[in-house]
Amino acid sequence: MNKKIILAAETGSDLTPELAEKYGVYLVPMHVSMGGKTYDDGSFPPENIILHYEKHKDDIPHTSASSPEDFNQVFDRIHEEHPDAHIVHLA
């Protein structure tokens, strides 16, 4: 019996949301911290990083990896939508 394979990757893979949707790849968000707040990668225009840096040169935006909870949320969603599928995560 062949099982369906679902692909997952972090947003840092630079796979665009359009390509991810086209090929059914689930994206696990990485994070960007700036101005004392942390945002999911892809939840704001990338230009905001440059604008923030130009305005606050002493507060350099930085990125952080996806957390275990980020993976749990995405993998749980995959299991709900495709209960018999195997997940292949591209790291």
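**Exercise 1. Find the strands against which the buried residues of α3 pack.**

Solution. 
Step 1. Start with the partners. In this predicted model, the buried residues of α3 pack against β1 (5-10), β2 (26-28), β3 (31-34) and β6 (86-90).
Step 2. Name the residues on the helix side. The buried residues of α3 are Asp70, Phe71, Val74 and Ile78.
Step 3. Look down the helix axis. The buried residues of α3 fall within an arc of 95°, so they line one face of the helix.
Step 4. Recall the helix rule. An α-helix has 3.6 residues a turn, so residues three or four places apart point the same way.
Step 5. Turn to the other side of α3. Pro68 and Glu80 are exposed there.

**Exercise 2. Compare the reach of helix α3 with its expected span.**

Solution. 
Step 1. Set the limits. Helix α3 covers residues 68-81, which gives 14 residues.
Step 2. Take the reach. From first C-alpha to last, α3 spans 20 Å.
Step 3. Compare. At 1.5 Å a residue, 20 Å is expected, and the reach of α3 is close to that value.

**Exercise 3. Locate the salt bridge and describe its two residues.**

Solution. 
Step 1. Count. The model has 1 salt bridge.
Step 2. Name the pair. The side chains of glutamate 81 and arginine 77 meet, with 3.5 Å from N to O. The cut-off for such a pair is 4 Å.
Step 3. Glutamate 81 is partly exposed, with a relative accessible area of 45%. Arginine 77 is also partly exposed, at 40%.

**Exercise 4. Identify the residues and elements behind the nonpolar surface patch.**

Solution. 
Step 1. List the residues. Ile5, Leu7, Val88 and Leu90 make a nonpolar patch of about 310 Å².
Step 2. Assign the elements. β1 and β6 each give two or more residues to the nonpolar patch.
Step 3. Examine one member. Isoleucine 5 is placed in strand β1. Its relative accessible area is 54%, so isoleucine 5 is exposed; the cut-off for exposed is over 50%.

**Exercise 5. Describe the backbone and setting of aspartate 14.**

Solution. 
Step 1. Read the backbone angle. Aspartate 14 has a positive phi of about 65°, although it is not a glycine.
Step 2. Find its place. Aspartate 14 lies in the loop between β1 and α1.
Step 3. Judge its exposure. At 68% relative accessibility, aspartate 14 counts as exposed.

Key:
Residues numbered from 1 in each chain as written. Predicted model: local features only at pLDDT ≥ 70, side-chain atom pairs only at ≥ 80, totals over all residues. Heavy atoms only, no water. Helix = DSSP H or I, 4+ residues; strand = E, 2+ residues; numbered from the N terminus. Expected span 1.5 Å × (residues − 1). Buried < 20%, exposed > 50% of the residue type's maximum accessible area, 1.4 Å probe, protein only. Arc of directions from axis to C-beta. Contact = heavy atoms within 4.5 Å. Patch = residues over 30% accessible without salt bridge, like charges linked within 9 Å, V, L, I, M, F, W, Y side chains within 5 Å. Areas by Shrake-Rupley, 256 points an atom, 1.4 Å probe, with all protein chains shown as cover.
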